[in-house]
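Please open the model in your viewer and keep the sequence beside it. The tour below goes from one selection to the next and says what is found at each stop.

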Amino acid sequence: MGLLSLAIWLPIAFGVLLLAVGNDRHAGVVRTIALVGALVAFVVTIPLVTGFDTSSAAMQFQEKLPWIARFNVNYHLGVDGLSVWFVLLTAFITIVVVIAGWEVITDRVAQYNGAFLILSGLMVGVFSALDGLLFYVFFEATLIPMYIIIGVWGGPRRVYAAFKFFLYTLLGSLLMLVALVYLYFKSGGSFDILTWHKLPLPLSVQALLFFAFFAAFSVKVPMWPVHTWLPDAHVEAPTGGSVVLAAIMLKLGAYGFLRFSMPIAPDAAREYAWVMIALSLIAVLYIGLVALVQQDMKKLVAYSSIAHMGFVTLGFFIFNELGVAGAIVQMISHGFVSGAMFLCIGVLYDRVHSREIASYGGVANTMPKFAAFAVLFAMANCGLPGTAGFVGEWMVILGAVQYNFWIALAAATTLIFGAAYTLWMVKRVYFGDVANDDVKALQDINGREFLMLSVLAVAVLWMGLYPKPFTDVMQVSVTELLRHVAVSKIQ
């Protein structure tokens, strides 16, 4: 087994172990096993970055074994500068989620942690699969643990939210399966994604493939107007589910555009870039306004995520290095910031059992340490310079200026809307006089919560103050992707 196989199968093995032997009578042991599994899986991913050759755009740490030999399907893994950080991010967020649920989850503890560990391995599989069928299996399999997480440990409307999440994302993927089968036959019986990148295809075929992939990936991002499943899923999901959904699962769709839509159908990507840019700007502008009127903190951050992911798809389809690199940086930073925002909401919900903004006020008076973390993450969500939230947005805006000034101006309004809805929430929840007896009785964060938020605060500040390690790893791969997309593949 290579490093990528270990990163996939170690957390899955620990998850299956928990499902097999865990029960609530030994909850402490179960939590410890889950934390060890998450830590081991994270340690395995570190050499992927430390040993990464930043001068090469080729796939690295490749593994290839025959899987279904009759149909030339291979267990083929590898990462490049576009994907390696997401493997690390997935393993990192899994540790945070296990720690976040340590005292909060008291029912079916083994199944809860097992579901997250299995989900972690499957998501790493999505980011590292280089075989089309293998990618599809991992991509669809991620739905099962998240469906269970929302449906079992979610809120009062959890079954409705879980069904909506599952149906939206599954239906979109069926067209992608048709596209994968077409490419298999077109390439002479190969599921190799890198082979598909070189296929000369007429524009009409590329357009059909582009929109087939669009159906799958736009729902996952999610882009407007197929975004309506996300607020429901976030509101009903337990805190850990919201963290993984925002920090990692939304990135699966955006990553799909980089690995499939743009390199396999480059002419169609250029031809229909205006559609992607228009939908991205609607997400930035309209969804930003929708976030302004939310009364539920989780819904506000969920709509904020849709607006920020609109920035990501905008960066991809302006076809310059600043835009694409900025979009990938935005994906990573959004993983840290949105995950931290949902954890902060979870800390309050565990104490007051309300997500309504009106239920709070003056929290900083009774929870000063927690409020310091919460305000830092809120500032990062606004795109404050010096935090992770600023770097990607700024790069995308600069790239958009090179592409079209008016598109850049429209995109930059997200900084105004982001500051408006985030600061409005911060003011109402954290500052002012203590609003009620619930807030008056609040206890500040304990050691577990302090550790969890501290780790994320370090990540947010490190990426904001010194983004060079992130951009260095992806730079050559971004350049190669844009060179590839610029060359016509029309027969």
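The model is a predicted one, in which local features need pLDDT of at least 70, side-chain atom pairs count only at pLDDT 80 or more, and totals for chains, interfaces and linings use all residues. Residues are numbered from 1 along each chain as its sequence is written, and side-chain values use heavy atoms, with hydrogens and water left out.

**Along H15**

Now select residues 321-352, which form helix H15; helices here are DSSP runs of H or I with at least four residues, numbered from the N terminus. Its 32 residues should span 46 Å at 1.5 Å a residue, and the end C-alpha atoms are 46 Å apart, so the two values agree; the expected span is 1.5 Å times one less than the number of residues. Centre the view on His334, where H15 has a kink of about 30°, the bend being the angle between axes fitted to the seven residues ending there and the seven starting there. Of the 32 residues of H15, 27 are buried, meaning under 20% relative accessible area with a 1.4 Å probe, protein chains only.

**Two cavities**

The whole structure holds 2 cavities of 30 Å³ or more. A cavity is a set of points, on a 1 Å grid over the protein atoms alone, where a 1.4 Å probe fits but cannot get out, and its lining residues have an atom within 4 Å of a point; a volume is the space filled by probe spheres set on the points, which are joined across faces, edges and corners.

For the largest cavity, of about 60 Å³, select Met297, Met341, Cys344, Ile345, Ala374, Ala378, Met425 and Tyr430, which line it. H15 gives the most to this lining, with 3 residues.

For the second largest cavity, of about 50 Å³, select the lining residues His308, Gln330, Ser333, His334, Val337, Ala380, Asn381, Gly389 and Glu393.

**A last stop in H2**

Finally, select Thr45 in helix H2 (residues 27-50), a buried residue with a relative accessible area of 1%. Leaving aside neighbours within four places in sequence, Thr45 is in contact (heavy atoms within 4.5 Å) with Ala7, Val87, Leu88 and Ala91. The C-alpha atoms of Thr45 and Leu88 are separated by 5.6 Å, although the two residues are 43 residues apart along the chain.

Key:
Helices (H or I, at least four residues) and strands (E, at least two) are DSSP runs, numbered from the N terminus. Buried means under 20% relative accessible area, exposed over 50%, partly exposed in between (1.4 Å probe, protein chains only). On a 1 Å grid over the protein atoms alone, a cavity is a set of points where a 1.4 Å probe fits but cannot get out, and a pocket is an open set with protein on both sides within 12 Å along at least five of seven lines; lining residues have an atom within 4 Å of a point.
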